[in-house]
Amino acid sequence: MKKEIKTDYYDNFTCIAGKCSFNCCQEWKIAVDDDTYIKWNHLSLTKQNNDYIDQYVKQKDGTRVIALNEQKQCPFLNEQKLCNLVLNFGDEVLSETCAIFPRQIHEFADRKEYSLLPGCPEVVDLMNQQDKICFTKNLFDLDEDILLQIRTMMITIMQNQHFSISKSVMMIFYILLDIYQNKSVLKKEIDEYKDKAILKELSDTIDNMQFLSLDTFEENNELFLDIAENYRKQELYTSYLEPIAVIAENLSRDYDKRKVIVQLQKFDKQFSSYEKLFRNYLVVEIFSNSLMPESDLESLVVMIQWIAMEYAIMRHSIFLSWLLEEEKLSYTVVRNYIVVISRMMGYDQEDICEYLDKSFENLIWEWGYLALLIGAE
Ligand code: SF4
């Protein structure tokens, strides 16, 4: 039997359905797999007028998805925010996506890994309640697979509170690039990166570097607008995106540098009160998204870049919202932007490579670019 590894709060998740503040049955592509589509071909919502369920399915970007209604919601969602399909036919009729979300399961040759996606507000609440992310099995006890060893090393650095979140991300990427450039790597070389003295040296080197907060701000602003563009055109997540995108556009034209530096400093102070939540978020992202069944070293590096970019855009969105809210930072705002940006950037690996290929000179970044994106705290 395969080993099973879960984040240890995995089994505590329960969907609150009608009581959910940010229902997942709206504003995104809800995939309909082949088996579900065949099943739906024979199911009629009403006996009288041949209202077959498959009429609510369409093709989008090469995928079969549920056609949302004018309010951008799933047509099966009723006024009580409950699913009419479940009410009429039971859970068995749900598509794979609907049945599984927000659970994420990766099946490897020797093990199955389970985690929960932060595109659900209940999951963010669960993450927020953990002092530290733990797993149902000790990751150090897993086999000798090099990629697994690298992932465990990255999680260990991310959980090390001696390093700030930004510094942890920069250190992880530095080590990854070093391993990637050497192409072949031995377990003992990865172990060296767990050495306290080596990590301290790397940390001190980063401390001695100069980071310009306005450069980071401008880069994040541009990336945020780029990621938001398509969603704005399709009028998705409008109430969350539009107000902050307008601010981002204004800032991209011109801004008072001194004023923004002061605002960034004030924001950083308030944002740091969510450090535990974001550390947990990044640990779960590294666990669930850096290593997949088909991964190789290059795809692992690519996914770390994407995770870093998602974090940077999330933080920038929260900063823009903080400006809008007259510099107040509530948990609800933080949670909402974790959910929105996770949903917006929850691409599959192929789409991530396509986006990065299109947007950057090289698929694999230089260390300096990631450092610019993340910036120092
Ligand atoms: S977002 Fe989460 S809690 Fe809300 S309806 Fe979807 S699965 Fe349930």
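The structure holds one cavity of 30 Å³ or more. This is a predicted model: local features need pLDDT of at least 70, side-chain atom pairs count only at pLDDT 80 or more, and totals for chains, interfaces and linings use all residues. Residues are numbered from 1 along each chain as its sequence is written, and side-chain values use heavy atoms, with hydrogens and water left out.

Rolling a probe the size of a water molecule over the atoms shows where empty space is left. A cavity is a set of points, on a 1 Å grid over the protein atoms alone, where a 1.4 Å probe fits but cannot get out. Grid points are joined across faces, edges and corners, and the volume is the space filled by probe spheres set on the points.

The largest cavity has a volume of about 60 Å³. Its lining consists of Met 158, Val 169, Ile 172, Leu 282, Ile 286, Ile 304, Ile 307 and Ala 308. A lining residue has an atom within 4 Å of a point.

Three helices each supply at least two lining residues: H6 (165-182), H12 (275-289) and H13 (297-324). Helices here are DSSP runs (H or I, at least four residues), numbered from the N terminus. H13 gives the most, with three residues.

The lining has eight nonpolar residues, no polar and no charged. Ala, Val, Leu, Ile, Met, Phe, Trp, Tyr, Cys and Pro count as nonpolar, Asp, Glu, Lys and Arg as charged, and the others, Gly among them, as polar.

Note on methods: 1 Å grid on protein atoms, 1.4 Å probe; cavity = no way out; pocket = protein on both sides within 12 Å on 5 of 7 lines; lining within 4 Å.
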